[in-house]
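Here are my notes on this model, point by point. Please read them with the coordinates open.

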Amino acid sequence: MEVVIVPDAAAGGELIAEAMARLLRHRPDALLGVATGSTPLPVYQALTAKVRAGAVDASRARVAQLDEYVGLPAGHPESYRSVLRREVLEPLGIGMEAFLGPDGAAEDVRAACRAYEAELARAGGVDLQLLGIGTDGHIGFNEPCSSLASRTRIKTLTERTRIDNARFFGGDIAQVPHHVITQGIGTILEARHLVLLATGEGKADAVAATVEGPVAAVCPASALQLHPHATVVVDEAAASKLKFADYFRHTFANKPDWQGI
């Protein structure tokens, strides 16, 4: 696992956006796995700036959804399909025909989970998966004690996650669904490159457990230690609990520019 410590969220967004741009220059139809929430916004903003400046063409890219609320219609403004259309697809000039995502409004949710797994396989798998991390170490909506071999499935959200997400529903936790469809940890680990972005002091404990703790289901993100190409990008605040922070700074500072992340 490579750990990159950056000054702030904007610097992290620029670093990851350049990795995405480099991938798209090499493989214009790459499948980008995207996450929702406030943390990845600097990545999407930086990549959009590169597209508008002509530094990269994203028009042939494909986009895969990490998770989705169960029970919200696809057109609901806070369904993750709608959020990603606003924050990723439209700014990058990518049409909905290039979007892959589970059907959270399906009558048979388990069948929808199986269908999404099959869709990802038909697409050839995710080339780069962007991840955030919860304060409890969850990735996607794989809450603590999720199986490290899990596949796309329905999950019940913890009260902590529902409280954290209430800000997207006008602060009303009663509006936050109790269930989601999420790619499983085993599914996530099949992406060719995993990039986790964490910012803020509130993520420091989760980052330390992910990077320097044991691989354990109690911290789902620790499964990234098992991946052959995983990159963890953190700002100074999120890195504040890392014992080996100086080593991580040294290794990245001495890395060849051509290697990227």
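1. Cysteines first. Cys 113 counts as buried, at 3% relative accessibility (buried means under 20% relative accessible area, exposed over 50%, partly exposed in between, with a 1.4 Å probe and protein chains only). Cys 219 is buried too, with a relative accessible area of 7%. Across the whole structure, a search finds zero disulfides (pairs of cysteine sulfur atoms within 2.5 Å).

2. Basis of the values. This is a predicted model, where local features need pLDDT of at least 70, side-chain atom pairs count only at pLDDT 80 or more, and totals for chains, interfaces and linings use all residues. Residues are numbered from 1 along each chain as its sequence is written, and side-chain values use heavy atoms, with hydrogens and water left out.

3. The parallel sheet. Seven strands form an open sheet with parallel pairing, in the order S1-S10-S9-S6-S2-S3-S5. Strand S1 (2-6) and strand S5 (99-100) stand at the edges. Each has a single partner strand, so one side of each is left without a neighbour in the sheet. On terms: helices (H or I, at least four residues) and strands (E, at least two) are DSSP runs, numbered from the N terminus. Two strands pair if DSSP finds at least two bridges between them.

4. Strand S6. Which strands pair with S6, and over how many bridges? Strand S9 (residues 193-198) pairs with strand S6 (residues 128-131) in the parallel sense over four bridges. Here Gln 129 stands opposite Leu 194. Strand S2 (residues 31-34) also pairs with S6 in the parallel sense, over two bridges. Leu 32 has Leu 128 in S6 as its bridge partner. In a regular strand the side chains alternate between the two faces of the sheet. Both faces of S6 are covered. Leu 128 and Leu 130 are buried on one side, Gln 129 and Leu 131 on the other.

5. The antiparallel sheet. Three strands, in the order S4-S8-S7, form an open sheet with antiparallel pairing. Strand S4 (67-69) and strand S7 (153-156) are at the edges with a single partner strand each, so one side of each is left without a neighbour in the sheet. The twist averages 30° from one strand to the next. That angle rests on axes, which are lines fitted to C-alpha atoms (for helices over the stretch in contact), with angles running from 0 to 180 degrees between N-to-C directions. S4 pairs with strand S8 (residues 179-182) in the antiparallel sense over three bridges. Asp 67 has Thr 182 in S8 as its bridge partner.

6. Aromatic pairs. The structure holds five aromatic pairs. Rings of Phe, Tyr and Trp (its six-membered ring) pair if their centres lie within 6.5 Å; planes under 30 degrees apart count as stacked, over 60 as edge-to-face and the rest as tilted. Tyr 69 and Phe 141 form a tilted pair, with 6.3 Å centre to centre and 40° between the planes. Tyr 69 lies in strand S4 and Phe 141 in the loop between S6 and S7, so the pair ties together parts 72 residues apart in sequence. Tyr 69 is buried at a relative accessible area of 1%, and Phe 141 is buried at 4%. Tyr 80 and Phe 141 form a stacked pair, 6.2 Å centre to centre with 15° between the planes. Tyr 80 sits in helix H3 (residues 80-92), 61 residues apart from Phe 141. Tyr 80 counts as buried at 7% relative accessibility. Ring pairs link Tyr 69, Tyr 80, Phe 141 and Phe 169 into a cluster.

7. Ser 79. What surrounds Ser 79, leaving aside its neighbours within four places in sequence? Ser 79 is in contact (heavy atoms within 4.5 Å) with Glu 68, Leu 72, Pro 73 and Ala 74. Ser 79 is placed in the loop between S4 and H3, and is buried with a relative accessible area of 1%. A polar atom of the Ser 79 side chain lies 2.9 Å from the backbone oxygen of Ala 74.

Note on methods: A polar contact is a pair of N or O atoms within 3.5 Å; within protein, one must be able to donate a hydrogen and the other to accept it, and residues adjacent in sequence count only if both atoms are side-chain atoms.
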